[in-house]
Amino acid sequence: MKDIKMATYTHDQHSLSLGHANLRRSMVIEIIEKKIEYLRKEKTLNIYGTMMIGTTASFSGLLANFIFRHCFRVNHDALKTYVSLSILPFLSTVVAYKFLVTDALYSGNISQESCALRSSLVSIACGVLYPTALAFSKNGRLAVKYHTVPLPPRGRVLLYWVMLCQKEIKGMVIPLAFQASLGIYNGIQHYAIFESTLEKTVHED
């Protein structure tokens, strides 16, 4: 009788241990699934923000190309210049944002202010200054090649081009302000999403 009780007790203990193990396993699986879901949401929103800045950089490139083609009275190689001025700013913005903002944020070495500043600088440099300089250079070369505007005097080439297009260059102030504001907003949002994801992950632990 005593042996039967011991066997029953041992069986019950074994069943109880299996129940705890299964419960623990299900809890671990649930925590892992929630972490994966949090990271997936954060990554998705991060991609959306990066793509948005890259897309606006493409539009800035198209605008800059339109402005300088009009300034230099260039009618040649329209498709070639428009394609390059839409693709190159987009790619440069996405790559620069990843290395200077996203990677730095995941390393935990930057604050919210620094994240917003980095995002704004990437947006300005790659989304306005780079496409402006690229459009200026490409269309200036076409203008010289096809003689659509008077050739600049020797030794004052850059100054001549700047003076010729100074009104058009001022028109890029609008996308400059827009890109700066968008960069700050996206940097703050990205930092907030990252912090929220990190806190939820820690609480789950």
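Tutor: Starting at the N terminus, the elements of the protein run α-α-α-α-α-α. Keep in mind that this is a predicted model.

Student: How many helices and how many strands does the protein have?

Tutor: Six helices and zero strands.

Student: What share of the residues is buried?

Tutor: 34% of the 205 residues count as buried.

Student: What about contacts: which share comes from residues 24 or more positions apart?

Tutor: Take the contacts with a separation of 6 or more.

Student: Switching topic. Where does UniProt place the feature "transmembrane region"?

Tutor: The UniProt entry, which is unreviewed, puts it at residues 47-67, 79-100 and 120-137.

Student: What does the chain look like over residues 79-100?

Tutor: That stretch is 100% helix and 0% strand. Its end C-alpha atoms lie 32 Å apart.

Student: And over 120-137?

Tutor: Again 100% helix and 0% strand, with 24 Å between the end C-alpha atoms.

Student: Now the surface. Which residues form a nonpolar patch there?

Tutor: Leu-79, Val-83, Ile-87 and Leu-91. Together they have about 380 Å² of accessible area.

Student: Where is Val-83 found?

Tutor: In helix 2, which covers residues 78-107.

Student: Why does Val-83 count as partly exposed?

Tutor: Because its relative accessibility is 37%. The partly exposed class lies between the buried cut-off, under 20%, and the exposed one, over 50%.

Student: Where does Arg-73 sit?

Tutor: In the loop between helix 1, residues 2-72, and helix 2.

Student: Is Arg-73 buried or exposed?

Tutor: Arg-73 is exposed, as its relative accessible area is 57%.

Student: What about the phi of His-147?

Tutor: His-147 is not a glycine, yet its phi is positive, at about 55 degrees.

Student: And which loop holds His-147?

Tutor: The loop between helix 3 (112-146) and helix 4 (157-164).

Student: Buried or exposed, His-147?

Tutor: His-147 has 56% relative accessibility, so it counts as exposed.

Methods
Residues numbered from 1 in each chain as written. Predicted model: local features only at pLDDT ≥ 70, side-chain atom pairs only at ≥ 80, totals over all residues. Heavy atoms only, no water. Patch = residues over 30% accessible without salt bridge, like charges linked within 9 Å, V, L, I, M, F, W, Y side chains within 5 Å. Areas by Shrake-Rupley, 256 points an atom, 1.4 Å probe, with all protein chains shown as cover. Salt bridge = Lys/Arg side-chain N within 4 Å of Asp/Glu carboxyl O. Helix = DSSP H or I, 4+ residues; strand = E, 2+ residues; numbered from the N terminus. Buried < 20%, exposed > 50% of the residue type's maximum accessible area, 1.4 Å probe, protein only. UniProt positions renumbered as here; feature names shortened; annotations may be inferred. Contact = heavy atoms within 4.5 Å.
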